[in-house]
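My notes follow in the order I made them.

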Amino acid sequence: MSKKVVILSTSLRAHSNSAALADSFFQGAKDAGNDVTLISLRDKQIGFCRGCLTCQKTGSCVIRDDVPVLEAQVLAADVVVWATPIYYYEMSGQMKTLIDRLNPMYSKDYAFRDVYFLSTAAEDETNVPGRAMAGLTGWIDCFEKASLKGYVFCGGVNDAGDIAGNAKLLEAYEMGKNC
């Protein structure tokens, strides 16, 4: 049965390593017959959450930018995939900002059950993505029917293109095929 998969590529750098992982997941999910949408945040207007909590009363944010369209896509997806570079042992600022801005979703019905996490970093120690993953699982915990189904971490990459030929690309592809 085909799934609706939404991949959020949060790096603001063109041709980034985390985008390469997102592309591989995309291709695997597409090859498996899923309906896949890859969204780059690079050109999206995403304002910072003001903490006003109006969204908890009205179901929508007071800020007028690209987030409502992204929110609708995430709500309708069966599978949500987050791809981010790791900066200072944390997710990208754009990913955190979007997570904060998805606050109106908490009171809404959502389709997704499976969440995946793809990350890259210059350092390759296994603990590097820990804080970013903790931030994402904090978001997932707000959706009781959803859970983290898998992740790929590719460490030891710096410049665009470093990841080419890396086994982690195949891992992301296979994870996409099996999502």
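**Helix α4.** I began with the buried residues of α4, which are Gln 94, Met 95, Thr 97, Leu 98, Ile 99 and Arg 101. Buried means under 20% relative accessible area, exposed over 50%, and partly exposed in between, with a 1.4 Å probe and protein chains only. Helices (H or I, at least four residues) and strands (E, at least two) are DSSP runs, numbered from the N terminus. An α-helix has 3.6 residues a turn, so residues three or four places apart point the same way. Next I asked what covers the buried residues of α4. The cover includes β1, α3 (67–76), β3 (79–85), β4 and α5.

**Ground rules.** I am reading a predicted model, where local features need pLDDT of at least 70, side-chain atom pairs count only at pLDDT 80 or more, and totals for chains, interfaces and linings use all residues. Residues are numbered from 1 along each chain as its sequence is written, and side-chain values use heavy atoms, with hydrogens and water left out.

**Strands β1 and β2.** I checked how β1 (residues 4–9) runs against β2 (residues 35–40): they pair in the parallel sense over 6 bridges. Two strands pair if DSSP finds at least two bridges between them. Between β1 and β2 the chain passes through helix α1 (residues 17–31), and this β-α-β crossover is right-handed. That is, with the strands pointing away from the viewer, the path from the first strand over the helix to the second runs clockwise. I also noted one bridge partner: Val 5 has Val 36 in β2.

**Asp 109.** I found Asp 109 in the loop between α4 (93–101) and β4 (114–121). Asp 109 is exposed, at 64% relative accessible area. Leaving aside neighbours within four places in sequence, Asp 109 is in contact (heavy atoms within 4.5 Å) with Leu 75 and Lys 145. I also took the C-alpha separation from Asp 109 to Ala 76, 33 residues apart along the chain: 9.1 Å.

**Aromatic rings.** How many aromatic pairs does a search of the whole structure find? I got 8. Rings of Phe, Tyr and Trp (its six-membered ring) pair if their centres lie within 6.5 Å; planes under 30 degrees apart count as stacked, over 60 as edge-to-face and the rest as tilted. Tyr 106 and Phe 143 are a tilted pair, 5.3 Å centre to centre with 50° between the planes. Tyr 106 is in the loop between α4 and β4, and Phe 143 is in the loop between α5 (130–140) and β5 (147–155), so the pair ties together parts 37 residues apart in sequence. Tyr 106 is partly exposed at 30%, whereas Phe 143 is buried at 1%. Tyr 110 and Phe 112 also make a tilted pair, 4.9 Å centre to centre and 40° between the planes. Tyr 110 is buried at 8%, and Phe 112 is buried at 0%. Ring pairs link Trp 82, Tyr 106, Tyr 110, Phe 112, Trp 139 and Phe 143 into a cluster. The charged end of Lys 145 sits over the ring of Tyr 110, 4.9 Å from its centre. The cut-offs are NZ of Lys or CZ of Arg within 6 Å of the ring centre and within 35 degrees of the ring normal.

**Cysteines.** I searched the whole structure for disulfides (cysteine sulfur atoms within 2.5 Å) and found 0. Cys 49 is partly exposed at 41%. For Cys 142, the closest cysteine sulfur is also in Cys 55, at 12 Å, too far for a bond.
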